[in-house]
Amino acid sequence: MKVWFVLTNIILIYLLWAEYLHYFKADCKKAGLGLTCAVVTDIINIGIIAMILAIAHIYSIQLMALFVSAEVAVLIFYKRTKKNSMTFRDMLMQIKHGKFNVLVLIFVIAGILLYTLFPTKFMIGGRDPGLYFLNGIHVSETGSLQYDTDAYLNENYSDLKDIVSPGYPALFSPVDYEEMDGRPGDISPQFMPLYTSLLAIGYDLAGVAGVASVNGFIAILSALVIYYIAKFYLNKKAAVLACILLIINPAQIWGARITQSEMLSQLLFYCSMAVFLYAWDKSKIRYYLCAGALLGLGCLNRIDTYIYGLGLFVMLVYTIVWNREKREALWVTCISYGFFGILGFIYGLFGSTAYFISEWHNGTLSLAVGINLVGLLAAVIAEILCIVIKSKKNIIIKLICNERSLKICCSLLGMSFAFLYFIRPRLGESFDQRAMVEFCWYTSTIMIVLMVLGIYRLLRTYSEKSEQYFLMLFIGMSSLFAYLMKPSISPDHIWASRRWITVNIPIVLLLGAYGLTELDINSKKLLRIGQGGVASYLIFFSLWQSKAFLFTSLMKDIDIQYENIAQHMLDDKIYFTAEESVASYLRFVYGKSVYLINTDNLDGISDYISRHGSILYVGKTGPLGKVRFNTIVDTIYDYQIAGKYLQETEGRYPRALYDKYYDVSIREINSDNSKEILLGKGDFQLANAYYEGSSIVASEKGGNMFYGPYMTLDSGDYELSMEVELQDSTDRLSYIDIVCNAGSDTILKYNIKEGGKINIKFQLHKETSLLEIRAFAESGSHMKCSDIRLKKVD
């Protein structure tokens, strides 16, 4: 069935290619464009089909193959009945004589090498890419975007409610939302359906590797669409440079390798802009309808697409007031966009209720909806006013045609960026205030200057005919300023670049490349040298920013590691864990009954263990805190899920990879009256150290050895004891310290002068959270710590 699905899609692409070539009137220069259009159409087509089937709970690769086969049959019938349709022989002749740009082929090969050969298998449930990955697998295996209710949790919730947190990250339970009705075991998944449905196809075709590769293909197509926009509506040199810079942009490479929906939104947005530009030239309503549909389709992919309505309605008001000939076409575009936007909103209300409630309460969704309603209202008011006011001079075009006025406006635009880059960061240290500086880590500051120049040259060159570029400029600049003023995302990098990769980074690269190619000085030789030098710097800059992960596949074997731990878990047993990052995968992908434990109710956990005698537990035991004093922990299977990952940095650009790991050891926690905790592998994270059996040994260079277990303890007297071994060293700089509140408060520091058993007594005056024991070893000491115990003193 997979082969059938692939073959029918190849046939469909061929038929679509023939139609596009026929439509382009056998223009040999557009053979590559026709193929790109055909492949993009096919991707969007199967995404929509998969989404509809998944919403209807009947998705399968078999049904997908049937639907695509039906489309092929309809298209063949259409071609047979259509006069002057291109025959297979005509198609071959067209391809034979077609001029396929070698650069386009190079772009595709470069994209495949950079994107699909080094994917990131982000099967981590705590962040969006991992949740998309999970949802895609779920749709493939169940045929539905929705999750079945948990019968065991529903039946036993009265017993479990003090120990379990219903739901998982981005898989919400009605228990957490007053506005929702339902049982504790019901699940309301986060996110919109389109991208998830495409991931399901990837999983059906190639398993985990297929899911990880979906964005790579989407990103290649997106880069080609942007290339053709620049080629046909700016200039060829700008097209080549913009495409190269986008393909090797660090945020683009990252987004193409990881499962995040921004790549699909990027493709839909720039396809919409390409069709709109074409529609403006051809003045045919069906193209405007298509442009609006593509823009609106993005609302079924990401809710932040609704903010693009601001630029669209501004364009509508512009045509109502100053270009009445295009007014009807823009209304059609807005209606088409609005139709899909409403469909997306309806799906969110009923298919992702908890997500929509959350986004409405935090203001993101309500703001986006408000922007669209205000835009619609402004358009209606403009229509009414235009009935009364007949004569209206186009002050926008007048301003553009006046060179001095245009220079002033572009200078003000440049000054706005200068303020955001040089002055705003001095007003505070928050990510919002530094957003412009950190945005330039992905584009370079030179590109911002070139973008402003590109806007000036674009408007100056096309003057009265520049109106067709307004929509892309309106949405591009409004999105850029909105997300530079308030990115509304976690400030760690490279994560933060997600907010800018859909529209902002590509528009800067596109207009910046155009600005560079439109530089004009008297000496042609100096001009070529200057342009070549700047272009070379920009390419080097992007590659340098990407070097840490350029040729590395991150979290490479994580799926194999999951399978290993799953094999050691029993299907008929209930497991608890505090590790949000792995719980949902073990539960929904590998079918294990794993529940998140409620670490905010440690007394409830103690009571549950006392009632049942024991529990099975996965992961680090540190989060259980004081529960450990009444229990004995036995490790059944010691294991970690690990892989290389890019540093997660705030306020600085990430330059290196590190080993990201999650403790998924299986443990049995038995009720006991012990007042002493034996601390071990499930409690500490190692830095400059390694395990030797159950002992922790410092590395040659010394430094921070270990830290953890981030416990919550009641007030009272405690004693920490451990066996310490030291080799001879000239100084005694090794020490143990006890801190809390993420290391901000030091409870005690103990200097280690000699080896042997040490006992450290300390007192907590109130309940203390995130208590941490840390060891620092002197260089060359090879300090060894073993038999680490924490005792509560009566």
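Me: Hi! Where is the place of P709?
Reply: P709 sits in strand β16, which covers residues 703-713. Helices (H or I, at least four residues) and strands (E, at least two) are DSSP runs, numbered from the N terminus. Bear in mind that this is a predicted model, in which local features need pLDDT of at least 70 and side-chain atom pairs count only at pLDDT 80 or more, while totals for chains, interfaces and linings use all residues. Residues are numbered from 1 along each chain as its sequence is written, and side-chain values use heavy atoms, with hydrogens and water left out.

Me: Thanks. What kind of peptide bond joins G708 and P709?
Reply: A cis one, with omega at about 5°. Another cis peptide bond joins H493 and I494, where omega is about 20°. I494 belongs to the loop between β3 (492-493) and α22 (498-501).

Me: And what about phi, say for H57?
Reply: Phi of H57 is near 65°, a positive value in a residue other than glycine. Most residues other than glycine have a negative phi, and most peptide bonds are trans. H57 lies in the loop that runs between α2 (31-55) and α3 (61-81).

Me: Is A170 buried or exposed?
Reply: A170 counts as buried, at 9% relative accessibility. Buried means under 20% relative accessible area, exposed over 50%, and partly exposed in between (1.4 Å probe, protein chains only). A170 also has a positive phi, near 65°, and is found in the loop between α7 (151-160) and β1 (171-172). H57, by the way, counts as partly exposed at 46%.

Me: Let's zoom out. How many helices and strands does the protein have?
Reply: There are 27 helices and 22 strands. The radius of gyration is 30 Å, close to the 28 Å that the globule rule gives for 794 residues, so the protein is as compact as a globular protein of that length. That radius is taken over C-alpha atoms, and the rule is 2.2 Å times the number of residues to the power 0.38.

Me: What does the C-alpha trace span along its principal axes?
Reply: About 90 × 60 × 60 Å. Buried residues make up 57% of the 794 residues. The accessible surface comes to about 33,700 Å², and 58% of that belongs to carbon and sulfur atoms. Those areas come from the Shrake-Rupley method with a 1.4 Å probe; for residues, only the protein chains shown count as cover.

Me: Which residues have the most contacts inside the largest nonpolar core?
Reply: Y59, M64, F417, M451, W500, Y562 and F576, in a core of 239 residues. The largest share of this core, 24 residues, comes from helix α8 (residues 193-233). A nonpolar core here is a set of buried Ala, Val, Leu, Ile, Met, Phe, Trp, Tyr and Cys residues joined through side-chain atoms within 4.5 Å. There is also a second, separate core of 30 residues, which includes I696, I736, I760 and F762.

Me: What does F417 touch?
Reply: Leaving out residues up to four places away in sequence, F417 touches M436, I448, M451, V452, L480, F481 and L484. Contact means heavy atoms within 4.5 Å. Across the protein, among contacts between residues at least 6 apart in sequence, 75% join residues at least 24 apart.

Me: Switching to I558, where is that one found?
Reply: I558 is in helix α25 (residues 558-567). I558 is buried, with a relative accessible area of 0%. Beyond residues up to four places away in sequence, I558 touches K121, M123, I124 and I641.

Me: Which helix holds V534?
Reply: Helix α24 (residues 524-546). V534 is partly exposed, at 25% relative accessible area. Its contacts, leaving aside neighbours within four places in sequence, are with I446, L450 and L516.

Me: One more, K82: what is it in contact with?
Reply: K82 is in contact with E19 and H22, again leaving aside neighbours within four places in sequence. K82 lies in the loop between α3 and α4 (88-97), and is partly exposed, with a relative accessible area of 27%.
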